[in-house]
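Biologist: I would like to go through this model feature by feature. Please take the general idea before the particular case.

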Amino acid sequence: MWFVLVSAIVIVLLAAIGLYDVTQRKHAILRNFPVVGHLRYILEKIGPELRQYIVTDNDEERPFSRDQRRWVYSSAKRENDYFGFGTDNDFERPAPGYVIVKHSAFPHPPVPADADPSHPIPAAKVVGAWRGRPKAFRPASVVNISGMSYGSLSGAAVEALNRGAQLAGCWQSTGEGGLSSFHRHGGDLLFQIGTGYFGVRDAAGRFDLGRLVELCEANPVRAIEVKLSQGAKPGLGGMLPGAKVNSVIAGVRGIEVGKDCISPAYHQEFSDVDGMLAFIERVADATGVPVGIKSAVGDDAFWVQLAQRMVQTGTGPDFVVVDGGEGGTGAGPLAFTDHVSLPFRIGFPRVYKAFAEVDLHHKVAFGGSAKLGFPEAALLALALGCDWISVAREAMLAIGCVQAQRCHTDHCPTGVATQRPWLARGLDPDLKSVRCANYLITLRKELLRLAHACGVSHPSLVGLERLDLLGADGSARSAAERFGYQPGWGLPAEQDIVAVEAMVSAAGELWAMPAGS
């Protein structure tokens with residue numbers, strides 16, 4: 001009798017928990033996996049105690065460590081993102097390249113952005129100014145969302161990111177999969193043109209300039225990014241399996257429903273530097289917006305030739321985004337993800353030097369991506385010469401990703417990287433967009449705090465001399481020496497320094513104004 005009664009109570013209790021789980025919207029794991037999903041949160045809660053007896057530590061997991069994920073999650077939820085009892089990193093045997101910020105004895109006093117809840121930080125450069133683009137602009141944020149296509153991500157995830165970008169005052173790159181209705185929720189856009197020309201192609205799959213112009217006129221496209229390669233799989237085309245190509249994705253990309261969607265490894269519109277420059281100018285003339293390129297770094301000669309031809313012709317990209325080899329992808333061959341293209345810290349300085357040596361580094365704007373969505377990594381990227389950094393997987397973590405690494409299987413348990421409706425329904429864009437914005441704003445806040453600790457008002461004014469990199473033996477080496485930069489490299493031009501210092505001392509409404517403001 002007692003057994004039956006207890007069993008009945010347990011069943012009713014589990015049914016009540018299950019009903020709550022499937023109707024609540026805060027946790028995608030619980031919504032998609034009612035009752036059993038609670039095991040994850042229980043294990044997460046008692047994790048610190050368990051790890052006293054289990055070998056993995058807070059910095060051991062990859063691609064993002066437990067400490068890194070915890071910081072993103074707590075920032076996104078606006079929970080306590082402080083860590084107690086001091087660092088648990090080993091400074092006697094640190095990971096090679098461990099960043100040390102050398103603070104000033106006299107920190108910079110607070111600026112208006114510190115008191116502003118959104119902590120706005122404008123970029124130092126006006127993108128497109130050097131080529132006189134009609135729609136040149138100063139990016140409102142030094143932190144933006146990198147390219148992740150609809151198709152790779154669910155519609156709910158793309159919508160959450162776009163709405164998060166609008167709340168945080170930054171842009172979202174569309175990725176090469178085209179511009180969908182999920183991108184139209186208020187956030188500024190950077191439209192990416194990949195080798196498949198998705199969304200701007202004709203019936204034969206060739207680039208259609210007229211469609212691009214119409215798309216830019218109908219949407220808040222601030223800039224166009226021509227994607228040459230991706231850090232995780234450069235020199236390789238992509239493929240979206242036909243099983244994932246539903247009618248919505250097919251309509252966005254301009255392809256057939258149910259058929260494998262293949263992105264070639266090369267562009268059909270150009271095959272050399274001069275052809276690429278001509279393509280960029282044609283697109284910029286037709287749309288009026290700044291046009292740049294995104295690429296992983298492999299062949300050094302390409303970057304030297306590009307910079308030289310830009311000087312000789314007076315044409316070229318308005319910005320260059322370098323994607324490190326450690327960057328993410330929904331799916332890629334192991335040989336490419338592990339061994340093709342240089343890591344950001346090696347690749348970006350090579351690109352920057354190629355432009356600096358011909359005096360283009362103050363004209364062309366630079367962006368960076370690949371695991372830069374943490375304060376110390378972002379600060380180093382800005383010190384190396386980036387005008388902004390873009391985050392992808394970190395933004396995914398902010399909207400619920402648990403690093404299950406099932407992106408390539410269409411079985412993402414949190415509804416982020418899947419097209420399965422029953423999994424995608426677990427992701428609530430209303431809630432997750434706020435979490436995305438919270439993370440982006442917190443990263444900007446931390447960058448401001450680090451800049452002030454270094455004695456300057458804006459993170460782009462932190463020079464490499466303020467950073468040391470530790471060796472595996474615990475020795476320290478100046479970042480300027482490590483990367484071989486000449487004095488002044490990595491910093492904005494003098495007129496941009498004056499402008500950005502004036503902006504951080506003024507009200508936020510002046511930021512993100514068009515060129516000439």
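**Helices, strands and a few loop residues**

Modeller: Start with a helix pair: the axes of α5 and α17 come within 7 Å and cross at roughly 110°. Keep in mind that this is a predicted model.

Biologist: Which residues of α5 and α17 meet?

Modeller: From α5 they are W71, V72, S75 and A76, and from α17 they are R435, N438, Y439, T442, L443 and E446. An α-helix has 3.6 residues a turn, so residues three or four places apart point the same way.

Biologist: How many residues of α5 are buried?

Modeller: Helix α5, residues 66-76, has 9 of its 11 residues buried, so it is mostly covered. Among them are R66, D67, R69, W71 and Y73. After α5 comes R78, with a positive phi near 55°.

Biologist: What is the angle between α7 and α17?

Modeller: Helix α7 (residues 155-168) and helix α17 (residues 429-453) cross at roughly 45°, and their axes come within 7 Å. α7 and α17 are therefore oblique to each other. This crossing of α7 and α17 is right-handed. On the α7 side the contact includes A156, E159, A160, R163 and L167, and on the α17 side it includes P429, S433, A437, L440 and R444.

Biologist: Now a strand. How do I read the directions of its side chains?

Modeller: In a regular strand the side chains alternate between the two faces of the sheet. In β9, F319, V321 and D323 point one way while V320 and V322 point the other way, and all are buried. Since 5 of the 5 residues of β9 (residues 319-323) are buried, the strand is largely enclosed by the rest of the structure.

Biologist: Which strands pair with β9?

Modeller: Strands of a sheet pair through backbone hydrogen bonds, either parallel or antiparallel. Strand β8 (residues 291-295) pairs with β9 in the parallel sense over 3 bridges, and S295 stands opposite V322 in β9. From β8 the chain passes through helix α11 (residues 300-313) to β9, making a right-handed β-α-β crossover. Strand β10 (residues 365-369) also runs parallel to β9, joined by 5 bridges. Here V321 stands opposite G367 in β10.

Biologist: In what order do the strands of the antiparallel open sheet lie?

Modeller: The order is β1-β12-β13, with antiparallel pairing among these 3 strands. The edge strands, β1 (98-101) and β13 (476-478), each pair on one side only. Neighbouring strands of this sheet are turned by 35° against each other on average, direction ignored. Strand β12 (residues 467-470) pairs with β13 over 3 bridges, and L470 has A476 in β13 as its bridge partner.

Biologist: Which helix lies across β1 and β12?

Modeller: That is helix α14 (residues 375-384), which runs at about 120° to β12.

Biologist: Let us turn to the loops. Is T418 buried or exposed?

Modeller: T418 is in the loop between α15 (393-398) and α16 (421-424). Its relative accessibility is 0%, so T418 counts as buried. Beyond its neighbours within four places in sequence, T418 has contacts that include S152, L153, S154, D410 and H411. T418 and R406 are 12 residues apart along the chain, and their C-alpha atoms are separated by 9.1 Å.

Biologist: What phi values do H119 and A370 have?

Modeller: H119 has a positive phi near 45° and is a residue other than glycine. H119 lies in the loop between α6 (112-115) and β2 (143-145), and at 11% relative accessibility it counts as buried. A370 is not a glycine either, and its phi is positive, about 120°. The loop between β10 and α14 holds A370, which at 7% relative accessibility counts as buried.

Biologist: How many helices and strands does the protein have?

Modeller: The protein has 19 helices and 13 strands. Of its 517 residues, 52% count as buried. Among contacts with a separation of 6 or more, 70% come from residues 24 or more positions apart.

Methods: Residues are numbered from 1 along each chain as its sequence is written. This is a predicted model: local features need pLDDT of at least 70, side-chain atom pairs count only at pLDDT 80 or more; totals for chains, interfaces and linings use all residues. Side-chain values use heavy atoms; hydrogens and water are left out. Buried means under 20% relative accessible area, exposed over 50%, partly exposed in between (1.4 Å probe, protein chains only). Helices (H or I, at least four residues) and strands (E, at least two) are DSSP runs, numbered from the N terminus. Two strands pair if DSSP finds at least two bridges between them. A crossover is right-handed if, with the strands pointing away from the viewer, the path from the first strand over the helix to the second runs clockwise. Axes are lines fitted to C-alpha atoms, for helices over the stretch in contact, and angles run from 0 to 180 degrees between N-to-C directions. Contact means heavy atoms within 4.5 Å. Angles under 35 degrees count as roughly parallel, over 145 as roughly antiparallel, 65 to 115 as roughly perpendicular and the rest as oblique. A crossing is left-handed if the near helix is turned anticlockwise from the far one by less than a right angle, and right-handed if clockwise.
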